[in-house]
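Good morning, and thank you for joining this presentation. Please take a moment to look over the sequence and the structure.

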Amino acid sequence: MALPRITSPHAKGNNRTQRVMLLVAAACAPGALALTWLFGIGTLVNLVWASLVAVAVEAAILAVRRRPLAFFLKDGSALVTAVLLALALPPYAPWWLTLVAVGFAIIFGKQLYGGLGQNPFNPAMLGYVVVLISFPIPMTSWPAPHSVGVWEGLQHIFGLASLPDGWSQATALDSLKVNKSLTMDELWAQNPAFGQFGGKAVEWVNLAFLLGGLFLIHKKIISWHAPLGMLGALFVMSLIFWNGSGSDSNGSPLFHLLTGATMLGAFFIVTDPVSGATSNLGRVIFGAGVGILVYLIRTWGGYPDGVAFAVLLMNLAAPTIDYYTRPRTYGHRKAERGFKLGE
Amino acid sequence: MASYREIAVNGLWKNNPGLVQLLGLCPLLGVSNSMVNALGMGIATALVLAASNAAVALVRNQVTDAVRLPVFVMIIAALTTCIELLMQAFTYELYQILGIFIPLITTNCIILGRAEAFAAKNSVLHASFDGLMMGAGFGLVMLAIGTVRELLGTGAILGNMHLLFGPIAAHWQLTLFSDYSGFLLAILPPGAFLVLGLLIALKNVLDERAAERAKATAAAPAPATSRRVRVTGVIE
């Protein structure tokens, strides 16, 4: 009798890479809709254009590396990178900005390291930081809510015509950073677009990303550890350093949780299975590190928001975190942790 | 004893200090943000290298092994000071831009490396030619990095060349992309690492192609692997 050769794992989930990636992309929908509702067509154009660029660049570099095109294109990872980048970039970023960001993310962030699963950094955040450092002016031009029409927005993105001066507005984080003289109440009264409790109506975007993130946790695509670590650390930091709502205010904990890229980062970026930490404890530590760094950069750093920088810095720390948070393996009394001589 | 042709090929390509030995990375990455900086630094390094190789080869039979390192460093430091004074006299603005990197030529490991590895064992003519070729190889890599970084960063090349060549070069700047936003990353330090990495990759691809072509014509003997740790190719 011929026995079939069966190897482990015997219990298989149905979380194929493609399914995971498509679900992550789908979970971005509420956030994308909220951004579109607030800022107009720009986000959708970014999404389509970034996806096209990502697929084209991925195909080109796979061809250069002589890898099977269909197999790697089908896994959808390039698409997820493009979607996350498109949501992170300003809605009316010029077309070449998106091109550079997505191209850098795919080529330098992922493929040069050997493709999906080999990248030490989150590709989307790498692309974002490259354009943030290289092109500060378009990267800080966020439109005021409900201010840009469809046709003029399209013309601006593709460089046919510029939007009239004053179309962009400082975000709440920007204003908080440069504010020296106004109390929080005055600052918010001056900028009705800043919304109720978050920043510049971005609170709704953040809540939408939170919804998408909870959907991913419900579907068991991501675990709750890393988001909890990041949001918890950010909450604790902003609570400790909350100095009221005078003119030197660092912003309330609620403000920090619901502004900038907090929720997008917490549920879609720090949960990256490749560049983040591996074990559950490691993920909590990784997330907490990101949360602390985000607060440090926002409050005392040179940039208004710091999610991308924080994620990249913690990506560097992820291997070390993994060394010190190895779970106890079955049959061993204690977990083996830390570096060993001769390892 | 190597022929002049071998020395030239070694310095400019096969054993290039910038692309293969990865020596002198500090100035290579630090001041290659524009063509004029790269060219100025490259020429200064090449001159010191050629002169120090010649001087070391001259005294090699008089200097005992025990004191050779201090003597070599003194020679290199003296020559670096000469270059520094010359740059102060003739290209003062460039001297100010390059700043600390000029005196640091003394500690550039290419120079001491060539003094130890080549000049201490070869005749004056061979040694100075080796210094010139190694320096040229280093300078050309630096110029290539500077060109790419200046082009990506500002959309133009050959800017500010009057710092090196005087007023005659004031209008040499070639604007290749007008209305260009400037890819700042290329001018910042990460740009240096990225461009150097891409150049090394390009060299390795070219070498691989050449090796395949050579293999197609005749079965070549396998090259001895290098015992040095930090190399990107095989040092013969």
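I will discuss a helix, a nonpolar core and an annotated residue in turn. Please keep in mind that this is a predicted model.

I begin with helix α7 of chain A, which covers residues 123-134. Its 12 residues reach 17 Å from the first C-alpha to the last, close to the 16 Å expected. How many of the 12 residues of α7(A) are buried? The count is 11, so the helix is largely enclosed by the rest of the structure. Among the buried residues are Pro123(A), Gly127(A), Tyr128(A) and Ser134(A).

What do these buried residues pack against? Within chain A, the partners are α5 (77-88), α6 (95-110), α8 (136-139), α15 (262-269) and α17 (307-324). Chain B contributes α9 (184-187) to this packing.

Let us turn to the largest nonpolar core, which has 152 residues. Ala82(A), Leu85(A), Ala101(A), Val102(A) and Tyr128(A) touch the most other members. Helix α3 of chain B, residues 35-59, supplies the largest share of this core, with 16 residues. In chain A, domain 1 (17-168) and domain 2 (170-325) each provide at least three residues. Beyond its neighbours within four places in sequence, Ala82(A) is in contact with Ala50(A), Ser51(A), Val53(A), Ala54(A) and Val102(A).

Thr171(A) sits in the loop between β2 (168-169) and α10 (172-178) of chain A. Is Thr171(A) buried or exposed? Thr171(A) counts as buried, because it has 22 C-beta neighbours inside 10 Å and the cut-off is 20 or more.

Definitions and conventions:
Residues numbered from 1 in each chain as written. Chains lettered and ligands numbered in written order. Predicted model: local features only at pLDDT ≥ 70, side-chain atom pairs only at ≥ 80, totals over all residues. Helix = DSSP H or I, 4+ residues; strand = E, 2+ residues; numbered from the N terminus. Expected span 1.5 Å × (residues − 1). Contact = placed C-beta atoms within 7 Å. Core = buried A, V, L, I, M, F, W, Y, C linked by C-beta atoms within 7 Å. Domains from an automatic or database assignment.
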